[in-house]
Amino acid sequence: MKWLARILGKAVAPHRPTPVFFTNALSGKEELFIPQKPGIALLYSCGPTVYNRAHIGNLRAYVFSDTIARTLAIAGYHVKRVINITDVGHLVGDGDEGEDKMTVGAKREHATPEAIADRYAKLFIEDIGELNIDTSDVLFPRATEYIKEQIALAKTLEEKGFAYRLSDGLYFDTQKFPGYGRLGGVCNAELEAGARVEVAEGKHHPADFVLWRLAKPNDLQQWDSPWGRGNPGWHLECSAMIRSLLGQEIDIHTGGEDHIAVHHNNEIAQSEAASGRPFVRYWMHVAFLTMNGEKASKSLGNVVYLSDFSEKGIPPLALRYFFLQAHYRTPLSFSWNALSAAASALERLWKLSREIREESNRIGKPSDARNRFLVTMRDDLATPQALGILWDSLRSEEYTPEEKWGLLEAADAHLGLSLLAPPLPQVLDARDVPKDMQDLLARREAARASRDFATADRLRDELAAHGYRIEDGPDGPTLTRS
Ligand code: AMP
Ligand code: ZN
């Protein structure tokens with residue numbers, strides 16, 4: 001990671017990584033991270049289905065995996081990362097039923113699935129860039145670029161006796177795979193109950209899932225295969241791309257907790273049945289971002305996008321701060337008020353950092369606060385506690401400005417909040433703020449023009465109470481978030 005060498009320089013010891021602990025969904029316990037190959041961490045994250053813009057719930061999943069990557073890199077690991085782009089095969093129900101998501105997107109926008117995938121993959125990478133997710137070393141393979149590999153994997157499964165054919169495609173036989181559903185302790189009874197609505201004609205077991213779906217005449221995406229023209233089942237792409245890009249066994253696999261029961265158990269079944277060896281050493285999942293108590297999801301229609309922030313004058317990094325205030329395994333409830341509070345806290349942190357930068361002349365020194373911060377991050381990414389250490393130590397008189405700068409260096413490298421080079425307060429265009437704020441601004445201008453300074457000051461305070469700071473300069477007033 002290029003940024004890491006720049007920020008921490010010699011502090012990184014590539015050959016003897018420091019211990020890091022993660023909660024592993026396979027055991028349900030916190031475990032010492034021991035990768036397959038010393039010093040190297042192979043990390044795969046289930047990526048977005050690019051039929052629509054990623055919402056902020058999705059973005060929580062990528063801030064989470066970025067925090068894992070940063071923490072491991074700082075601990076001395078060389079991190080190899082893949083985030084796949086799903087551009088085929090994912091049905092609305094996440095199982096074998098429902099409309100195909102790429103087809104939904106293509107119909108909605110009267111475009112080809114390829115054009116839809118290009119549009120939303122680009123927006124996704126822009127969004128995660130705005131959240132300081134370091135993409136310089138990340139591979140973003142698309143499922144449609146790995147059709148050959150997916151067919152080869154399905155063929156291996158068929159040859160080894162783990163698959164059977166039905167009239168509409170090739171299916172994985174979960175009963176042939178011992179211990180199917182072990183991730184998250186999803187037992188057979190649950191699988192049967194959950195899958196009851198999805199039983200396809202002829203399936204041997206409700207949990208069996210499609211590997212290759214035969215095309216219907218008007219399907220927009222179809223390829224030749226040994227089973228006929230069609231497209232891959234959604235779960236197959238992750239197994240095939242991991243195998244091609246990272247190898248048969250990887251260290252960490254991440255995703256949202258919604259993927260544990262079906263998608264990740266199916267990935268395990270396919271990969272381990274094909275290779276005959278363990279697939280993933282550490283499974284890690286992020287809890288949901290919720291809206292009014294429900295999971296934020298495109299299909300429920302209760303979503304917010306990062307692009308909604310600019311009209312409210314909220315910097316995208318406020319979302320990253322908001323996520324980090326909660327532990328990744330805790331559900332997080334979104335509201336604009338809570339996000340505004342996170343934005344204010346981040347602005348205060350940036351202000352403090354600017355002052356410490358001046359006082360320390362950007363010379364960082366170690367301290368017990370910095371050590372405690374590092375240990376806390378390495379303890380299953382305890383970001384709320386790490387933020388607590390950061391705030392307490394920066395405000396304390398116990399530490400010198402150089403020690404505080406040293407802490408800020410470590411915090412910035414882990415948290416990705418632009419603490420070392422905070423953005424200048426963003427000057428807003430008055431036309432971009434909500435209508436009631438525009439009215440307050442206009443009334444203040446009118447009061448000033450008629451030299452009614454008492455009213456102008458009162459309106460300025462009212463704007464401040466809503467989080468807007470107004471300053472009068474030679475070129476007129478400028479508006480920023482306060
Ligand atoms: P999708 O595009 O639906 O495949 O989702 C992309 C990633 O976002 C997956 O890892 C999902 O588990 C995750 N995800 C979806 N909705 C949420 C949510 N509300 N909170 C946290 N993660 C989510
Ligand atoms: Zn996946």
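Predicted model: local features only at pLDDT ≥ 70, side-chain atom pairs only at ≥ 80, totals over all residues.

Biologist: Let us begin with the metal: which residues are the protein donors of the zinc ion (ligand 2), and what makes them donors?

Modeller: They are Cys-46 through SG, Cys-238 through SG, His-263 through NE2 and Glu-267 through OE, and they lie 2.1 to 2.4 Å from the zinc ion. A donor is an N, O or S atom within 2.8 Å of such a metal, so these atoms qualify. Along the chain, the donors follow the spacing C-x191-C-x24-H-x3-E.

Biologist: Why is the site of the zinc ion (ligand 2) called irregular, when it has four donor atoms?

Modeller: The angles among the four donor atoms run from 82 to 132°. As a reference, the ideal angle for four tetrahedral donors is 109.5 degrees. Water is not among the atoms, so a site may look incomplete.

Biologist: Where in the fold do His-263 and Glu-267 lie?

Modeller: Both are in helix H8, residues 260-275, four residues apart, which is about one turn of the helix.

Biologist: How do you know whether His-263 and Glu-267 are buried or exposed?

Modeller: Buried means under 20% relative accessible area, so His-263, at 2%, counts as buried. Glu-267, at 0%, is buried by the same cut-off.

Biologist: Turning to ligand 1, which of the residues around it come nearest?

Modeller: Of the 19 residues around ligand 1, the nearest are Thr-49, Gly-256, Asp-258, Leu-289 and Ala-296.

Biologist: What makes the pairing of Asp-258 with ligand 1 a polar contact?

Modeller: A polar side-chain atom of Asp-258 lies 2.5 Å from an oxygen atom of ligand 1, and because the limit for a pair of N or O atoms is 3.5 Å, the pair qualifies. A polar backbone atom of Thr-49 is 3.0 Å from an oxygen atom of the ligand, while a backbone N or O atom of Gly-57 lies 3.2 Å from a nitrogen atom of ligand 1. Taken alone, ligand 1 exposes 490 Å², of which the protein buries 96%.

Biologist: What polar contacts does the side chain of Ser-45 make?

Modeller: Ser-45, which sits in strand S3 (residues 40-45), has a side chain that meets the side chain of Thr-254 at 2.8 Å and that of Ser-65 at 3.5 Å. Since the cut-off is within 3.5 Å, the pair with Ser-65 is at the limit itself. Ser-45 has a relative accessible area of 1%, so this residue is buried.

Biologist: Finally, why is Asn-361 called exposed, whereas Leu-381 is called buried?

Modeller: Exposed means over 50%, and Asn-361 has a relative accessible area of 60%, so the term applies. Leu-381, at 2%, is under the 20% limit and is therefore buried. Asn-361 lies in the loop between helix H10 (336-360) and helix H11 (368-377), and Leu-381 in the loop between H11 and helix H12 (383-395). Phi is near 55° in Asn-361 and near 55° in Leu-381, a positive value in a residue other than glycine.

Technical notes
Residues numbered from 1 in each chain as written. Chains lettered and ligands numbered in written order. Heavy atoms only, no water. Donors = N, O, S within 2.8 Å, 3.2 Å for Na, K, Ca; no water. Tetrahedral: all angles 85-135°; square planar, octahedral: opposite > 155°, others 65-115°. Helix = DSSP H or I, 4+ residues; strand = E, 2+ residues; numbered from the N terminus. Buried < 20%, exposed > 50% of the residue type's maximum accessible area, 1.4 Å probe, protein only. Near = heavy atom within 4 Å. Polar contact = N/O pair within 3.5 Å; in protein donor to acceptor, adjacent residues only side chain to side chain. Areas by Shrake-Rupley, 256 points an atom, 1.4 Å probe, with all protein chains shown as cover.
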